[in-house]
Amino acid sequence: MPTEDDDRPRKKISHEIGQDLSLLSVEELTERMTLLKDEIARLEEAAAKKRASRDAADRFFKK
C-alpha cells in the first residue's frame with residue numbers, strides 16, 4: 001500500500017552556484033553533477049545553433 005509520501009511530487013533538484021555542499025550526500029552531489037552536465041550540453045547546443053545561424057547570415061550578406 002503506497003504511503004502518503006509516494007503521492008507527493010518530488011522536489012525539483014536545483015543548484016545554486018557557490019552554495020554550501022557540505023550538507024549534501026554523495027547521491028545528491030551526483031544528481032547535481034548530472035543536472036549541471038545536462039545543462040552544459042544544452043547550452044553548448046544552443047550556442048552552436050546560434051553560431052550556425054550567425055555564420056549563415058554572414059555568408060548571405062557578404063555576397
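Modeller: Starting with the ring rule: rings of Phe, Tyr and Trp (its six-membered ring) count as a pair if their centres lie within 6.5 Å, and the planes are called stacked under 30 degrees apart, edge-to-face over 60 and tilted for the rest.

Colleague: How many aromatic pairs does that rule give?

Modeller: The count by this rule is one aromatic pair. F60 and F61 form that pair, which is edge-to-face, with 5.0 Å from centre to centre and 85° between the planes.

Colleague: Why quote both a distance and an angle?

Modeller: Because a pair of aromatic rings is described by the distance of the centres and the angle of the planes.

Colleague: Are F60 and F61 buried or exposed?

Modeller: F60 has 60% relative accessibility, so F60 counts as exposed. F61 is at 66% and therefore also counts as exposed. The classes are buried for under 20% relative accessible area, exposed for over 50%, and partly exposed in between, with a 1.4 Å probe and protein chains only.

Colleague: Back up a bit. What kind of model is this, and how are residues numbered?

Modeller: This is a predicted model, in which local features need pLDDT of at least 70 and side-chain atom pairs count only at pLDDT 80 or more, while totals for chains, interfaces and linings use all residues. Residues are numbered from 1 along each chain as its sequence is written, and side-chain values use heavy atoms, with hydrogens and water left out.

Colleague: Fine. How many helices and strands in the protein chain?

Modeller: The protein chain has two helices and zero strands. Both kinds of element are DSSP runs numbered from the N terminus: H or I of at least four residues for helices, E of at least two for strands. Helix α2 covers residues 26-62, and R59 lies in helix α2.

Colleague: Switching to charge. How many positive and negative side chains are there?

Modeller: There are 14 positive and 15 negative side chains, and the centres of the two sets are 13 Å apart. Lys and Arg are the positive ones and Asp and Glu the negative ones, with His and the chain ends not counted. Each charge is placed at NZ of Lys, CZ of Arg, CG of Asp or CD of Glu.

Colleague: How many salt bridges?

Modeller: Three, from a search of the whole structure. The criterion is a side-chain nitrogen of Lys or Arg within 4 Å of a carboxyl oxygen of Asp or Glu.

Colleague: Which residue does R42 meet?

Modeller: R42 meets E39 in a salt bridge, at 2.7 Å from N to O. Both residues lie in helix α2, three residues apart, about one turn of the helix. R42 is at 53% relative accessibility, so R42 counts as exposed, whereas E39 is partly exposed at 31%.

Colleague: What about K49?

Modeller: K49 and E45 form a salt bridge of 3.3 Å, N to O. These two are four residues apart in helix α2, again about one turn. E45 counts as partly exposed at 47%, and K49 as exposed at 52%.

Colleague: And which residue does D55 bridge to?

Modeller: D55 bridges to R54, with the closest N and O atoms 3.9 Å apart. D55 has a relative accessible area of 32%, so D55 is partly exposed; R54 is partly exposed at 49%.
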